[in-house]
Amino acid sequence: MIKIFIHIRRSVRLSLLFGVVCGLFYPLLITGLGQFIFPVQANGSQIKQDGKLIGSALIGQEFSSAAFLHGRPSAIQYNTYLSEGDPSGQKRDIISGSQNLAPSNPELKVRVQKELSLLIKENPTISIRDIPADLVTTSASGLDPEISPESAKLQLPRISKTTGISLPRLEEIIDKHTVTKIFGFLGEDRVSVLKVNIDIMKELN
């Protein structure tokens with residue numbers, strides 16, 4: 001009987017010890033290291049302007065004005081919830097998502113044709129053959145914050161005509177916010193839509 005209590009006491013002590021180490025000290029250590037070594041990433045890669053939080057470098061936003069750079073189509077319109085809610089009256093949370101349509105699905109063709117028509121209408125100077133795939137296809141998350149440099153520069157004539165900002169200046173802004181492939185071969189070159197639009201706004205003010 002005494003041996004049983006000894007084993008129980010030992011188990012309780014170990015449980016308390018690991019509870020404190022793994023549930024308190026370790027999370028505090030990792031949180032502290034994250035804040036010290038990677039403070040921007042640890043806080044969600046926030047983007048601020050004049051001290052005000054306006055977005056994240058990791059989450060895209062929807063821009064529809066002709067004066068700004070437009071991102072990829074989004075199956076959830078870059079929203080994290082549907083405001084109309086469900087029949088029960090509760091809002092339905094959406095973390096991220098895509099319709100995930102197969103190439104053989106006729107709905108995909110309809111959706112792409114719709115995006116193509118919209119792009120041609122908004123950018124009448126471009127040819128349909130010059131439109132990159134990322135401007136007419138949705139990302140897996142529906143929250144993609146970046147587009148290809150080709151997709152960004154394709155929109156510059158529209159932005160220049162609407163805002164009066166010269167094409168060379170807009171190209172400088174695009175180049176400024178273009179991230180190249182890691183080590184020259186990993187990933188793809190990409191442009192931050194939000195950061196470009198922030199600089200366009202600064203040019204207009």
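## Helix H7 and its neighbours

The buried residues of helix H7 pack against strand E1 (46–49), strand E2 (52–56), strand E5 (146–147), helix H5 (156–163), helix H6 (167–176) and strand E7 (190–192). Here helices (H or I, at least four residues) and strands (E, at least two) are DSSP runs, numbered from the N terminus. Buried means under 20% relative accessible area, exposed over 50%, and partly exposed in between (1.4 Å probe, protein chains only). Contact means heavy atoms within 4.5 Å.

Before going on, a word about the model: it is predicted, local features need pLDDT of at least 70, side-chain atom pairs count only at pLDDT 80 or more, and totals for chains, interfaces and linings use all residues. Residues are numbered from 1 along each chain as its sequence is written, and side-chain values use heavy atoms, with hydrogens and water left out.

## The build of H7

H7 covers residues 193–204, and its 12 residues reach 17 Å from first C-alpha to last. That is close to the 16 Å expected at 1.5 Å a residue, where the expected span is 1.5 Å times one less than the number of residues. Which residues of H7 are buried? They are Val193, Leu194, Val196, Asn197, Ile198, Asp199 and Ile200.

At the N-terminal end of H7 you will find a cap: a side-chain oxygen of Ser192 lies 3.3 Å from the backbone nitrogen of Lys195. A polar contact is a pair of N or O atoms within 3.5 Å; within protein, one must be able to donate a hydrogen and the other to accept it, and residues adjacent in sequence count only if both atoms are side-chain atoms. Ser192 itself sits in strand E7, and it counts as buried because its relative accessibility is 9%. Setting aside neighbours within four places in sequence, Ser192 is in contact with Pro145, Glu146 and His177.

## Helix H5

In H5, the buried residues are Leu156, Arg158, Ile159, Ser160 and Thr163. Their cover includes H3, helix H4 (149–154), H6 and H7. Just after H5 comes Gly164, with a positive phi of about 85°.

## Empty space

Rolling a probe the size of a water molecule over the atoms shows where empty space is left. On a 1 Å grid over the protein atoms alone, a cavity is a set of points where a 1.4 Å probe fits but cannot get out, and a pocket is an open set with protein on both sides within 12 Å along at least five of seven lines; lining residues have an atom within 4 Å of a point. Grid points are joined across faces, edges and corners, and a volume is the space filled by probe spheres set on the points.

The largest pocket holds about 520 Å³. Its lining has 21 residues, and Glu62, Pro73, Ser74, Glu115 and Leu118 lie nearest its centre. The largest cavity holds about 50 Å³, and the residues lining it include Val193 and Leu194, along with Pro145 and Tyr78.

## Two residues elsewhere

Ser96 is in the loop between strand E4 (92–93) and helix H3 (106–122). With 40% relative accessibility, Ser96 counts as partly exposed. Not counting residues up to four places away in sequence, Ser96 touches Ile76, Ser141 and Leu143.

Pro27 belongs to helix H1 (residues 2–37) and counts as partly exposed, at 31% relative accessibility. Pro27 and Lys121 are 94 residues apart in sequence and 52 Å apart in space, C-alpha to C-alpha.
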